There are 2 protein chains.
Amino acid sequence: MGACQRGRELSIRHVPYRYRDVMTDKRSQRAADRTEAIMRTTLELGQEIGYAKLSIEAVAARAGAGKHTIYRRWPSKGALLLDSLLSLNEAGLDYPDTGDIVADLRVQIHAAVDLLARPPFGPLFQALIGEAQHEPQVAAALNERFIAPQADKTVARLRAARDQGQLSPQFDLELAMAILSGPLYFQLLITQEPLTHEYVDRILDALFTGIGPTQAY
Amino acid sequence: MGACQRGRELSIRHVPYRYRDVMTDKRSQRAADRTEAIMRTTLELGQEIGYAKLSIEAVAARAGAGKHTIYRRWPSKGALLLDSLLSLNEAGLDYPDTGDIVADLRVQIHAAVDLLARPPFGPLFQALIGEAQHEPQVAAALNERFIAPQADKTVARLRAARDQGQLSPQFDLELAMAILSGPLYFQLLITQEPLTHEYVDRILDALFTGIGPTQAY
DNA sequence: ATATCAGTACGGCACGTGCCGTGTCGAAAT
DNA sequence: ATTTCGACACGGCACGTGCCGTACTGATAT
C-alpha cells in the first residue's frame, strides 16, 4: 500500500510525464511494449487462476519483469487489472442509431452484458467490481473509465429518442439509465444467476411496454 | 519449541466439530457466549478500521479468544462478518400491508436502504458484497440469508397487491422486484453516489406511474 | 553518462495449523 | 457424597508459508 500517493489526476497508472503524449521516441516505445506485456500477462494469469489468487509476484515472474517495474506504474493489483482489461477496449464500442430505440438499446446492452458477464473477461470484471468495494481509487477509476462512458452512450441514445418524440419530454434520462442497468448488475453481483440476453429482453419489454411515448412518465 | 516432546500418545485431539450443538447443556451455552463475544468484537473492529484491514488475528486478540476458536466456527473472514451482521437482525424486519402498495414498498425499501447504505453497518455490508465477488461461499450465504428473504418479502407484498387487483394479472413479480432493487445496488456498488430516500422515491414514482393497474404490463 | 531494466534480497504482516496446559463439564467409580 | 476420570473446548504460543512493498545490484540500451 501507499506507493505513489501523489495526486496524478484521475489516472491510476503512473506514467512519467515524458511518456505521456510522445510515443515517437524509442524509449517510450520500449516502455510501452513492456507495459503491454505486463498487462497481457495479467489477463492470462487472471483467467487461469482467478483474481483472488492472482499476485503481482506471479505476474512479474511470468512476464519476465521486475516487481519494481510493475509497482512503478500501478499502485495496486486492482489498478493493474483495470488497465489490463480496458486496454482491450480502448476504442470503446460503437452503437447503432437505427431509429428504433428499443432495438438499439437491446444491441447496446447485449454487447455490454457479453463483455461483463461472459468469459474470458467477465469473471475478472466481476472480481474487479468486488475489489472496488474496499478500494476507493479502483472504484473511481472503474467508474470514470468504464461505467460512465457506457452510461453516457445509453443516455445519449435515450436523449436522441426523446428528441425525436419517441419518449415523453419529461422522461428522466439518467433515472431510466439506472433502471435499465440496475437489474443487470443486481443479477450479476447479488443473486449471481446467469445473465442472459433473454433476461435483458424481458427487462426491456417490461419497461418499454410501460414507458412508451404515450405515457406521462 | 521442543520442550515436551516425550511420550505423547497419538490421540487425535481435534475431533471434527459438530456445528450446531444442542443448546441445552451448559457447555453449549458457554460456546454460544463465546461465539457472540467474537461476533460483537468483529463488528466493533470492523467499524473502527474497515473490512479491508480487519484481520482474524486482531479479532481474536481483542476478543480474548484463540484463533482456533474462530477458525473452528467460520471458514473465512467473510463468513465471520456475515454471521456477525446477521446476528443483529435475526428476527428480520416486518413490513406493513396498509393496502397502499406504493406506500408500503416505500417503507420496506427505505428500511433496507438504511440498513445497507448507512453507518454503522452499511460500509461493512458493502464490503461483504465485494468479498462475495471472489468467494462463492460468501456469495451463496449472503444470498440465502439476507438477499433472498428480503426479496421474498417484496415479492409477497407485490403478490398481495396483484391479488387485490392493484396490479395487472400479468404482472411479473420477480422481474418487478429486480427492477425495484437493481437501481439501488447499482447506485450503491457501481456509481457509489449517496443512496438516499429521495432517490428511492423517484424510482418508485417513475415505475408506478408507468405500471399501474390499467397497464397491460 | 544516464536511465531503465530484471533479478534478488529483505523486513513485515497475516494466514492457517500444529501442540501445549488449563478449566469445565458429565459420568463412572469409590 | 465424594472422588476420579475422560471428553472437550479453550487461550496462548510458535511455526512455516505466501505475498506485500521497498531497496540494492549489475546488466543493457541510448
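Biologist: How many salt bridges does the rule find across the interface of chain A and chain B?

Modeller: This is a predicted model, and the pairs come from its atoms. One of the pairs joins the side chains of Arg202(B) and Asp172(A), with N to O at 2.8 Å. A salt bridge needs a side-chain nitrogen of Lys or Arg within 4 Å of a carboxyl oxygen of Asp or Glu, so this pair qualifies. Across the interface of chain A and chain B the count is two.

Biologist: What is the area buried between chain A and chain B?

Modeller: The size of an interface is often given as the accessible area lost when the parts come together. Carbon and sulfur atoms give 70% of the area here, and the total is about 3,100 Å².

Biologist: Which three residues supply more of the area that chain A buries against chain B than any other three?

Modeller: The area in question is the part that chain A buries against chain B. Of that part, 21% is supplied by Gln133(A), Phe186(A) and Ile190(A).

Biologist: What relation holds between chain A and chain B, given a turn of 180° and a shift of 0.0 Å along the axis?

Modeller: With that turn and shift, chain A can be laid on chain B with an RMSD of 0.1 Å. The interface residues of chain A are also interface residues in chain B at 100%, so the copies meet through the same surface. A turn of 180° with a shift of 0.0 Å along the axis is the relation of a two-fold axis.

Biologist: Which residue forms a salt bridge with Arg106(A)?

Modeller: The structure holds 20 salt bridges over all chains. In this one, the closest N and O atoms are 2.8 Å apart. The pair links distant parts of the chain, 95 residues apart, with Arg106(A) in helix H5 (residues 101-117) and its partner in helix H9 of chain A. That partner is Asp201(A).

Biologist: Where is the kink in helix H7 of chain B centred?

Modeller: Helix H7 of chain B spans residues 136-163. H7(B) is followed by Gly165(B), which has a positive phi near 85°. The kink within the helix is about 45°, centred on Asn143(B).

Biologist: Is the peptide bond from Pro119(A) to Pro120(A) cis or trans?

Modeller: Most peptide bonds are trans. Pro120(A) has its place in the loop between H5 and H6 of chain A. In chain B, the bond joining Pro119(B) and Pro120(B) has omega of about 5° and is cis. For Pro119(A) to Pro120(A), omega is near 5°, and the bond is cis.

Methods: Residues numbered from 1 in each chain as written. Chains lettered and ligands numbered in written order. Predicted model: local features only at pLDDT ≥ 70, side-chain atom pairs only at ≥ 80, totals over all residues. Heavy atoms only, no water. Least-squares fit on C-alpha atoms with pLDDT ≥ 70 in both. Contact = heavy atoms within 4.5 Å. Buried area = accessible area lost by both parts, 1.4 Å probe. Bend = angle between axes of the 7 residues up to and from the residue. Helix = DSSP H or I, 4+ residues; strand = E, 2+ residues; numbered from the N terminus.
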